[in-house]
Amino acid sequence: MTQQITVTEHLLLHQKEEPMATGRFTRLLNELILSAKIISREVNKAGLVDVLGFTGDRNVQGEEVKKLDEYSNRVLIHRMARCGVLCAMASEENADIIEIPHGLPTGGYVFIFDPLDGSSNIDVNVNIGTIFSIYRRKSPKETPILSTDVLQKGSEQIAAGYFLYGTSTMLVYSTGNGVNGFTLDPGVGEFLLSHPNIRIPERGRIYSVNEGYYHYWDPATRRIVEYFKNPGNESSKPYSSRYIGSLVSDFHRNLIYGGIFMYPADRRDPKKPRGKLRLMCEAAPLAMLVEQAGGMAVDGERRILDIEPEQLHQRVPLFIGSKQDVQKVLDIYAGKA
Ligand code: AHG
Ligand code: MN
Ligand code: MN
């Protein structure tokens with residue numbers, strides 16, 4: 001029988017290496033896992049109950065909000081506010097920093113999240129997920145939360161991960177000591193270790209990008225995408241194109257198989273010259289994971305984890321995945337290839 005190691009056991013088993021295996025982090029993770037189980041339950045019955053379609057509202061991103069976006073956001077805010085170890089939260093769906101309601105116990109962690117990633121796929125039963133990122137506050141405890149407690153560069157993250165609501169529900173996360181994947185056993189309601197110590201292949205065989213934006217890219221970006229399609233590339237055969245419009249799913253597939261996900265800057269929307277993806281709740285947490293798994297994540301010239309955020313919802317071009325493939329992107333943008 002395969003060892004049935006739960007997330008809590010895995011944390012305790014690695015107590016010595018896991019600086020984060022304190023009781024406080026375990027409480028945070030347990031509330032997060034409960035939130036994901038609640039969201040997964042709703043995702044799995046979407047279509048049977050009234051959680052499909054739009055709410056009719058637009059979020060701070062200017063995007064139409066899906067009912068499941070809003071539901072997931074509410075579940076996470078409610079549950080995580082009660083885990084007793086947070087001093088602040090920030091959500092892709094909320095314009096401002098979310099304070100912990102007065103009277104609830106607080107702590108020294110900051111929780112940033114994309115409650116539901118890949119929303120455009122909700123109504124057509126394609127995988128979606130939740131992405132999260134955890135920092136320690138910088139300012140002294142018992143003092144008011146400052147924006148600098150939340151606007152921290154990705155290298156300051158103490159943990160990051162995602163839930164994937166697909167053929168199975170998975171949790172993949174890192175506390176800075178490698179990446180591990182857990183799969184929910186619905187029979188017992190526990191996430192069990194299924195992908196220990198995930199490593200991404202040095203070079204992949206998949207490239208993921210929305211080629212519908214080709215005419216909005218600059219020449220260097222076009223050269224990059226052409227490289228991965230070219231039989232004359234260093235792999236001596238074209239990469240396979242895989243893109244399902246759900247970052248967390250495209251990222252997870254490339255993490256396991258190897259490959260590169262790209263969301264370049266484009267000229268479609270003058271209001272979004274830096275592309276669509278958000279630094280704090282999408283790029284930074286996945287960048288921590290991919291580096292912990294031996295890969296790379298850049299904006300085309302800088303390491304994602306080195307970018308000092310200026311705004312909570314700032315967007316960033318994202319090239320993330322196998323080290324040699326991301327390096328090729330850097331070389332082409334730098335005019336070296
Ligand atoms: P979200 O649903 O949280 O807004 O994220 C959607 C993102 C990401 O999941 C995906 O990679 C990207 O949007 C797809 O964008 P395009 O439809 O422009 O390709
Ligand atoms: Mn998203
Ligand atoms: Mn989202």
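This is a predicted model: local features need pLDDT of at least 70, side-chain atom pairs count only at pLDDT 80 or more; totals for chains, interfaces and linings use all residues.

Colleague: What makes the pair between Tyr 243 and ligand 1 a polar contact?

Modeller: A polar side-chain atom of Tyr 243 is 2.5 Å from an oxygen atom of ligand 1. The cut-off for a pair of N or O atoms is 3.5 Å, so the pair counts as a polar contact.

Colleague: Why does the backbone of Leu 116 count as well?

Modeller: A polar backbone atom of Leu 116 lies 3.3 Å from an oxygen atom of ligand 1, and this is within 3.5 Å, so it counts. For Asp 114, an N or O atom of the side chain is 3.0 Å from an oxygen atom of the ligand. That value is also within 3.5 Å, therefore Asp 114 makes a polar contact too.

Colleague: How much of the ligand's accessible area does the protein cover?

Modeller: Ligand 1 on its own has 470 Å² of accessible area, and the protein covers 89% of it.

Colleague: Why is ligand 1 said to sit in the largest pocket?

Modeller: Ligand 1 is assigned to the largest pocket because more than half of its atoms lie within 2 Å of the pocket's grid points.

Colleague: Which strand gives the most to the shell around ligand 1?

Modeller: S5 does, with three residues. Strand S5 (109-117) and strand S13 (260-263) each supply at least two.

Colleague: How do the residues of the shell divide by type?

Modeller: Seven are nonpolar, five polar and seven charged.

Conventions: Residues are numbered from 1 along each chain as its sequence is written. Chains are lettered from A and ligands numbered from 1 in the order in which they are written. Side-chain values use heavy atoms; hydrogens and water are left out. A polar contact is a pair of N or O atoms within 3.5 Å; within protein, one must be able to donate a hydrogen and the other to accept it, and residues adjacent in sequence count only if both atoms are side-chain atoms. Accessible areas come from the Shrake-Rupley method with a 1.4 Å probe; for residues, only the protein chains shown count as cover. On a 1 Å grid over the protein atoms alone, a cavity is a set of points where a 1.4 Å probe fits but cannot get out, and a pocket is an open set with protein on both sides within 12 Å along at least five of seven lines; lining residues have an atom within 4 Å of a point. Helices (H or I, at least four residues) and strands (E, at least two) are DSSP runs, numbered from the N terminus. Ala, Val, Leu, Ile, Met, Phe, Trp, Tyr, Cys and Pro count as nonpolar, Asp, Glu, Lys and Arg as charged, and the others, Gly among them, as polar.
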